[in-house]
Amino acid sequence: MADKKSTASTSKRDALRAQQEAQESAKKRRRIIGVIAGVVIVAAVVVAVVLGLNHKSDDVPTTGQITPPSATKDGVYTLNKDKAKGGVPTVTVFQDYQCPACKGAEDLLGKPLNDLSSKGEIKLQYHTLTFLDRNLRNDSSSRAAVAAAAADVVGKYEAYHDVVYSHQPKEEGAGYTDEQLRKEFASEAGITGANLTRFQHIYDTRQTEQFVNEANDKGLHKMQDLDLPGTPAFLVDGKPWEGWEQLGNNTTPDELLKAIKKAH
């Protein structure tokens with residue numbers, strides 16, 4: 001009788017132990033499955049991000065001619081286009097990156113114009129010409145314009161535009177070097193990492209050259225139609241504005257806006 005009880009007790013212990021082992025094994029399997037599922041999810045997220053980045057990069061072709069995203073095919077850049085309030089004046093600036101008078105206008109009004117544009121108080125446009133290449137017998141105007149267009153592709157047009165003028169040579173015709181345009185100016189404008197690689201590729205392969213050449217031709221025709229004597233030239237709502245020449249140093253954004261609205 002005692003042997004039967006002992007045997008029954010042993011069988012229960014064995015059964016309990018087997019059940020516990022089975023439960024433990026099930027827990028381990030669930031943990032393993034959970035880890036695998038987590039890895040799969042992470043991998044899926046990584047793939048999705050990579051595909052997303054690749055898709056974004058593919059939005060801009062790596063070969064062929066391109067039009068900068070902030071510009072029209074006519075060569076007119078619009079800064080902060082989504083910020084402009086309804087009914088605000090449109091200020092258009094005709095410029096050449098080798099033009100000393102353009103630098104003078106930029107030194108005088110560049111910062112307040114940027115300020116008004118960033119606040120949506122004006123719609124600020126730039127039309128870049130390259131005619132001084134012919135006059136100065138170099139190609140710095142064109143190369144600077146090509147670089148600025150490349151900077152627009154990576155979202156840095158305004159910053160790059162300002163950097164070019166800040167480094168315009170004191171001697172007219174000295175021009176800009178490729179080292180400046182593709183490296184030094186890009187760095188100062190905040191173009192880094194993958195954007196720098198993309199910017200330099202566009203510059204090196206001249207993917208914006210056709211846009212720059214056509215912008216120059218259309219800009220010159222526009223200036224002739226409006227009887228504008230040369231660069232820099234300003235328009236307010238499409239009409240020539242000479243009032244900017246009456247503004248002095250340290251003109252505030254409010255003072256500039258008042259003068260613009262007077263011509264509006």
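**View A. D139, R143 and D178 are linked in a network of salt bridges.** A salt bridge here is a side-chain nitrogen of Lys or Arg within 4 Å of a carboxyl oxygen of Asp or Glu. This is a predicted model, in which local features need pLDDT of at least 70 and side-chain atom pairs count only at pLDDT 80 or more, while totals for chains, interfaces and linings use all residues. Residues are numbered from 1 along each chain as its sequence is written, and side-chain values use heavy atoms, with hydrogens and water left out. D178 belongs to helix 6 (residues 178–188) and R143 to helix 4 (residues 140–153), so the pair ties together parts that are 35 residues apart in sequence. Helices (H or I, at least four residues) and strands (E, at least two) are DSSP runs, numbered from the N terminus. R143 is buried, at 10% relative accessible area, and D178 is partly exposed, at 36%. Buried means under 20% relative accessible area, exposed over 50%, and partly exposed in between (1.4 Å probe, protein chains only).

**View B. A salt bridge joins the side chains of E121 and K85.** The N to O distance is 3.0 Å. E121 sits in the loop between helix 2 (100–118) and strand 3 (123–129), and K85 in the loop between strand 1 (76–79) and strand 2 (90–96), so the pair ties together parts that are 36 residues apart in sequence. E121 is partly exposed, at 22% relative accessibility; K85 is also partly exposed, at 44%. The structure holds 8 salt bridges.

View C. D107 is exposed, with a relative accessible area of 55%.

**View D. Helix 2 and helix 5 (residues 157–166) cross at roughly 145 degrees.** Their axes come within 10 Å; axes are lines fitted to C-alpha atoms, for helices over the stretch in contact, and angles run from 0 to 180 degrees between N-to-C directions. The crossing is left-handed, meaning that the near helix is turned anticlockwise from the far one by less than a right angle. Helix 2 makes the contact (heavy atoms within 4.5 Å) through C102, K103, E106 and N114, and helix 5 through E158, H161, D162, Y165 and S166.
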